[in-house]
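Please open the structure in the viewer and keep the sequence at hand.

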Amino acid sequence: MSSRTRSRKVRTAAGVHTVQLPRQRGRRSQPFVVVVPERPSLTREALGFIGRGLWSVRHALAPTGLAVLALVVTGLLHVIAWWSALVLAPAAFAPAVWFAVVQRSRPAHGSTLAWRIALAMFATLALTWASLAAGFGPWAGPLALVWLLTLIAAQITWLFVRRTH
């Protein structure tokens, strides 16, 4: 019996699609590669939709990403090395030093001075929170609320500043 007329029963798993191709004859026969995409599940479609949406607004959500990263890093620092808070604590004075140096070298007035003061205060708050969160844990006491309020303030400020420039 010829191989063309003989039926071959191939067992495949559920959801796998097979394609029957005739055998190629001759010296120049090339193998076939058939790509049949699978249908993604509804969960994968939903996650893809959310991922594409977040990717398209990734610049607008930069403060949120940095805040979540800071929360995770300080949580890991608290678990692995609580003493890292002692190393981070002096960094809370860096924004004040920056403000003094910049104000002395390039004195500012009006809105520029207000922005510098706000930036120095915000950076001091963030670095103080990071050192306390590394020492006591990011969810200890009011640190979670401080993190959330700082995140909201940073995100709102970021959205307004990005729109004006």
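Begin by selecting helices α2 (62–80), α5 (111–136) and α6, each of which supplies at least two residues to the lining of the largest pocket. The model under view is a predicted one. This pocket has a volume of about 650 Å³. Its lining comprises 24 residues, and those closest to the pocket centre are P63, F122, A126, T150 and A154.

Next, colour the lining of the largest pocket by residue class. How many of its residues are nonpolar, polar and charged? The lining divides into 22 nonpolar residues and two polar ones, with no charged residue.

Now turn to helix α6, which covers residues 143–164 and contains I156. Select L145, L148, L149, I152, I156 and F160, which make a nonpolar surface patch of about 590 Å². Within this selection, consider I156: is this residue buried, partly exposed or exposed? Its relative accessibility is 44%, and I156 therefore counts as partly exposed, since that class lies between the limits of 20% and 50%.

Key:
Residues numbered from 1 in each chain as written. Predicted model: local features only at pLDDT ≥ 70, side-chain atom pairs only at ≥ 80, totals over all residues. Heavy atoms only, no water. Patch = residues over 30% accessible without salt bridge, like charges linked within 9 Å, V, L, I, M, F, W, Y side chains within 5 Å. Areas by Shrake-Rupley, 256 points an atom, 1.4 Å probe, with all protein chains shown as cover. Salt bridge = Lys/Arg side-chain N within 4 Å of Asp/Glu carboxyl O. Helix = DSSP H or I, 4+ residues; strand = E, 2+ residues; numbered from the N terminus. Buried < 20%, exposed > 50% of the residue type's maximum accessible area, 1.4 Å probe, protein only. 1 Å grid on protein atoms, 1.4 Å probe; cavity = no way out; pocket = protein on both sides within 12 Å on 5 of 7 lines; lining within 4 Å. Points joined across faces, edges and corners; volume = space filled by probe spheres on them. Nonpolar A, V, L, I, M, F, W, Y, C, P; charged D, E, K, R; others polar.
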